[in-house]
Number of protein chains: 2
Amino acid sequence: MNPSVSQDVEKPPLSKAEFIAGFHAIGEERYHHKHPFHLLMHEGKLTRGQLQAWALNRYYYQSRIPIKDAAILARSEDPAFRLAWRKRILDHDGDGTNPGGIEKWLRLVEATGLSRDLALRNAGILPATRYAVQAYVDFVTMRSHLEAVASSLTELFSKKLIVLRMDRLREHYPWLSGGLDYFTGRLTQAPEDSDFALACVVAHAHTRAEQDLAHAALRAKCDILWAQLDALYFAYINPGWPPPGAFQPPKES
Amino acid sequence: MNPSVSQDVEKPPLSKAEFIAGFHAIGEERYHHKHPFHLLMHEGKLTRGQLQAWALNRYYYQSRIPIKDAAILARSEDPAFRLAWRKRILDHDGDGTNPGGIEKWLRLVEATGLSRDLALRNAGILPATRYAVQAYVDFVTMRSHLEAVASSLTELFSKKLIVLRMDRLREHYPWLSGGLDYFTGRLTQAPEDSDFALACVVAHAHTRAEQDLAHAALRAKCDILWAQLDALYFAYINPGWPPPGAFQPPKES
């Protein structure tokens, strides 16, 4: 159908170093560390209400991560892959005694002053959040396993963003400091996960066409993260129009 | 799981008039005739570039309508329903001789000054458009058939919007006047379609719980339309930040 695909098949594969550099170039261009919503957050310019909207909407994303990872796990016939990937579900769902990432995110929601019940009911989240998150679950379910794994590679860039964010949240929003356990956990989890996923993608992307699909998968994932922040910015910063039925921050914030 | 569901089952059904009035109340509150993007369009305040972005993104929505309708048709075991619903696919895909709605929308894209090829390739459309449209296809595939049909009831409100839009487009953007055949067709198609769908929903929503689901389906569809305009407004009006990779209007507009 698409003539560019057959042309790509003809191209020689990238070297391992070129292939990996391609992921980093995509991250530099498209990862949400550059999104204006994050820039304002890190400059201390968000109101409590804007941080509440962020925590509430991002909770929906967090709550779908183990579902996304189980979909990826379910599609692998390699027990070693499944064993490694299972860690991600544990990291987010916990073990019944130690809290996982979802419980920690609920504590962040509470630290903003919203109830955990609101988050658990997905009350007032932006429809655009729901659509973008579903696009992620659909992507890992319907594309090739290689693309599904490659879409997780935003974690290559998350540690740097989290280190900065923790520093700036503590500085500018000290009332939020008790709710940052999620990020502490991710500082070690994310690099472990991305190391494994990158090795896996490098090992399985043999042709140039496969390499291009892996790069496109990371672009698609960056779009999914970016779209969530666009929707937050539009609804809660500028012009500041939450759609009908969405969370309305308290007037005082 | 949700206590409100069992409570709803206990409530007596709404009368036919109350049930229908509920759809109109939802439309008044949530249909995209009130969206600021449309208000600016009708006031003649959009640039050519903003109308190009609208036509291009909305083309993606239009292109998925027959897929959505085929999914609804495919789920019905009633030949009379399928016969009536098949008309919608014909209206959009045409009959091979007379152009359907999709071809007419391509002519609108061309009237804005963009190439049909750009639209056919879905080049530069906003990721948020893609996610919202997919949410619509998913909705009619995965929810009950009653909800799928009810989600089409935004057509109850479309004639009034189209009449206004054609008038204002001709007034404010006369260079677009040659591309309005899509709307002319919808003036008669949409009321026929919504009459049939409404009768079908009234006939099949017996309990209050079913009636509530039908109302919720219309709300969900309104959200899907609204989110597409939110994304256009954010990217191309205020603050005017298209995400990485999206269509960039020419500077002169």
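In helix 11 of chain B, a kink of about 35 degrees is found at B:Leu187, shortly before the proline B:Pro191. The bend at a residue is taken here as the angle between axes fitted to the seven residues ending there and the seven starting there, and helices are DSSP runs (H or I, at least four residues) numbered from the N terminus. The model is predicted, so local features need pLDDT of at least 70 and side-chain atom pairs count only at pLDDT 80 or more, whereas totals for chains, interfaces and linings use all residues. Residues are numbered from 1 along each chain as its sequence is written, and chains are lettered from A and ligands numbered from 1 in the order in which they are written.

Helix 11 of chain B covers residues 181-204, and its 24 residues reach 34 Å from first C-alpha to last, close to the 34 Å expected at 1.5 Å a residue. The expected span is 1.5 Å times one less than the number of residues. Its buried residues include B:Tyr182, B:Phe183, B:Arg186 and B:Asp193; buried means that 20 or more other C-beta atoms, placed from the backbone, lie within 10 Å of the residue's own, while 12 or fewer makes a residue exposed and counts in between partly exposed. The buried residues of helix 11 of chain B pack against several helices of chain B, among them helix 2, helix 5 (79-93) and helix 10 (155-172).

Helix 6 of chain B is another partner: its axis and that of helix 11 of chain B come within 8 Å and cross at roughly 145 degrees. Axes are lines fitted to C-alpha atoms, for helices over the stretch in contact, with angles from 0 to 180 degrees between N-to-C directions. B:Gly101, B:Lys104, B:Trp105, B:Arg107 and B:Leu108 of helix 6 of chain B meet B:Asp181, B:Tyr182 and B:Gly185 of helix 11 of chain B, contact being scored when C-beta atoms placed from the backbone lie within 7 Å.

Helix 8 and helix 12 of chain B pack at about 170 degrees, with their axes 9 Å apart. The two helices are therefore roughly antiparallel, a label for angles over 145 degrees. Helix 8 of chain B contributes residues including B:Ala128, B:Ala132 and B:Phe139, and helix 12 of chain B residues including B:Ala220, B:Ile224 and B:Ala227.

B:Ala227, in helix 12 of chain B, counts as buried because 28 C-beta neighbours lie inside 10 Å. Leaving aside residues up to four places away in sequence, B:Ala227 touches A:Pro127, A:Ala128, A:Tyr131 and A:Pro243, as well as B:Ala128 and B:Ala132.

The contact between the chains takes 22 residues from chain B and 22 residues from chain A. On the chain B side, helix 2 (16-30), helix 8 (127-142) and helix 12 (208-236) each supply at least two residues.

B:Val140 lies in helix 8 of chain B and is buried, with 24 C-beta neighbours inside 10 Å. B:Val140 and B:Arg75 are 65 residues apart in sequence, yet 9.3 Å apart in space, C-alpha to C-alpha.

A:Trp85, A:Arg88, A:Asp91 and A:His92 are buried in helix 5 of chain A. These buried residues pack against helix 4 (48-74), helix 6 (101-111) and helix 11 (181-204) of chain A. Just after helix 5 of chain A, A:Gly94 takes a positive phi of about 75 degrees.

Notes: Contact = placed C-beta atoms within 7 Å. Parallel < 35°, antiparallel > 145°, perpendicular 65-115°, else oblique.
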